[in-house]
Amino acid sequence: MVTRTLRELAGLLGGETVGDPDTVIRGVAGIREAQPGDITFLANARYEPYLTETQASAVICSRESRAAPLPLIQVDNPYLAFQRVVLVFRPETHRPGPGVHPTAVVAPGATIGQGASVGPYCVIEPGARIGDRAVVMAGGYVGADSSVGEDVTIYPHVTIRDGCRLGDGCIVHPGVVIGSDGFGFAFDAGRYHKVPQVGNVIIGRDVEIGANTTIDRATTDSTRIGDGTKIDNLVQIGHNVVIGRHCIVVAQVGISGSTRLEDYVTIGGQAGLVGHITIGRRATIGAKSGVNKSVAEEAVVTGYPAMPHSLFKRVVAFIQRLPDLFQRTKELERRVAELERQHAGSREAVR
């Protein structure tokens, strides 16, 4: 069992201890699930009340002064620090050793880098290049003339079609398809004709792609994903889309063809973006939004159609009042009808 003192962990994290620095830590857990011997973290003010309830032996938190009944490690970024501590107590899971499994098919002309691993039943086509220390796990397919960078991890049953490129340090989760044909058809003479998709996909360094995400190849040129971008599960990225650096794209998002995301964009789950628009740098799109026009830099939009978040909150507030307004309108209609009957009766009496 791995054990560390709070002093040792603070040294690793560049943090400061508050309380007993000799507290012994044996594991990690969330603040609600933690047990004695665990270290947890506090990165969201909503969880501040749990400081007095948690069973953890210590908490990683920000450097703001706070009263707490247990020892603390104060750091600049508690969430990031906790991830580093997780690896101390739960090291990386099994990583296949270097070499090519006997059942893998590696075509003549393919290149396998030093220390790389190609797992069972993988297929590496002619001209494909697997970088040093990269891992392609069971059932992976790397198409002709594709390249996989150094230190890339490709989990089982990933398909990388011909001509696509992955930068160093990428992580690709099971079931991902990179370089499938874009959805392009021309209508003529009563039927749809397939438009050839002859471009590719270029993915930068340190990109993570969640399970069963699909990234279509460009019609011509390239579909591009910038360095450091993180893409969740079940995302659909259309042909010729360009995603900038360090973007976040959450599960079940759909991005239509030729749309451009500038750097540091965040898109919430199940949002849909039409094609041929631009999402400005550091813009945020709320979950389930339908975006039908370009979004300015640093804007925050929500809803369908997407609108400024402050306006969306007002719209939702009005919608929630509709039943009451409907009843009030019915009451007003009843009173108006009554007044009209009374007025009509008065006119008859005058005659």
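Colleague: In which sense do strand S5 and strand S6 pair, and over how many bridges?

Modeller: This is a predicted model. Strands pair if DSSP finds at least two bridges between them. Here S5, residues 38–41, and S6, residues 58–61, run parallel and share 3 bridges.

Colleague: Which residue of S6 is the bridge partner of Thr40?

Modeller: Val59.

Colleague: Now the sheet. In what order do the strands form it?

Modeller: Read the order S2-S7-S6-S5-S4. The sheet has 5 strands, is open, and its pairing is mixed.

Colleague: Why is one side of S2 and of S4 left without a neighbour in the sheet?

Modeller: S2 (16–18) and S4 (27–28) stand at the edges, and each has a single partner strand, so one side of each lacks a neighbour in the sheet.

Colleague: Which strands does helix H1 touch?

Modeller: Start with contact: heavy atoms within 4.5 Å. H1, residues 6–13, packs on the sheet and touches S2, S5, S6 and S7. Its direction makes about 15 degrees with that of S7, the strand at 72–74.

Colleague: And helix H2: which strands does it lie across, and at what angle to S5 does it run?

Modeller: Angles run from 0 to 180 degrees between N-to-C directions. H2, residues 78–89, lies across S4, S5 and S6. Its angle to S5 is about 155 degrees.

Colleague: Next, aromatics. How many aromatic pairs does a search of the whole structure find?

Modeller: The search returns 5. One of them is Phe41 with Tyr79: 5.6 Å centre to centre, with 35 degrees between the planes. Planes under 30 degrees apart count as stacked and over 60 as edge-to-face, so the rest are tilted. Phe41 and Tyr79 are thus a tilted pair.

Colleague: Where in the chain do Phe41 and Tyr79 sit?

Modeller: Phe41 is in strand S5 and Tyr79 is in helix H2. They are 38 residues apart, so the pair links distant parts of the chain.

Colleague: Last, pockets. How many residues line the largest pocket, and which lie nearest its centre?

Modeller: A pocket is an open set of grid points, unlike a cavity, where the probe cannot get out. The largest pocket holds about 180 Å³. Its lining has 13 residues, with Glu92, Arg95, Thr153, Tyr155 and Ile171 nearest the centre. By class, the lining is 4 nonpolar, 5 polar and 4 charged.

Colleague: Which residues line the second largest pocket?

Modeller: Gln83, Val86, Leu87, Glu92 and Thr93. The volume of this second largest pocket is about 150 Å³. Its lining divides into 2 nonpolar, 2 polar and 1 charged.

Methods:
Residues numbered from 1 in each chain as written. Predicted model: local features only at pLDDT ≥ 70, side-chain atom pairs only at ≥ 80, totals over all residues. Heavy atoms only, no water. 1 Å grid on protein atoms, 1.4 Å probe; cavity = no way out; pocket = protein on both sides within 12 Å on 5 of 7 lines; lining within 4 Å. Points joined across faces, edges and corners; volume = space filled by probe spheres on them. Nonpolar A, V, L, I, M, F, W, Y, C, P; charged D, E, K, R; others polar. Helix = DSSP H or I, 4+ residues; strand = E, 2+ residues; numbered from the N terminus. Phe/Tyr/Trp six-rings, centres within 6.5 Å; stacked < 30°, edge-to-face > 60°.
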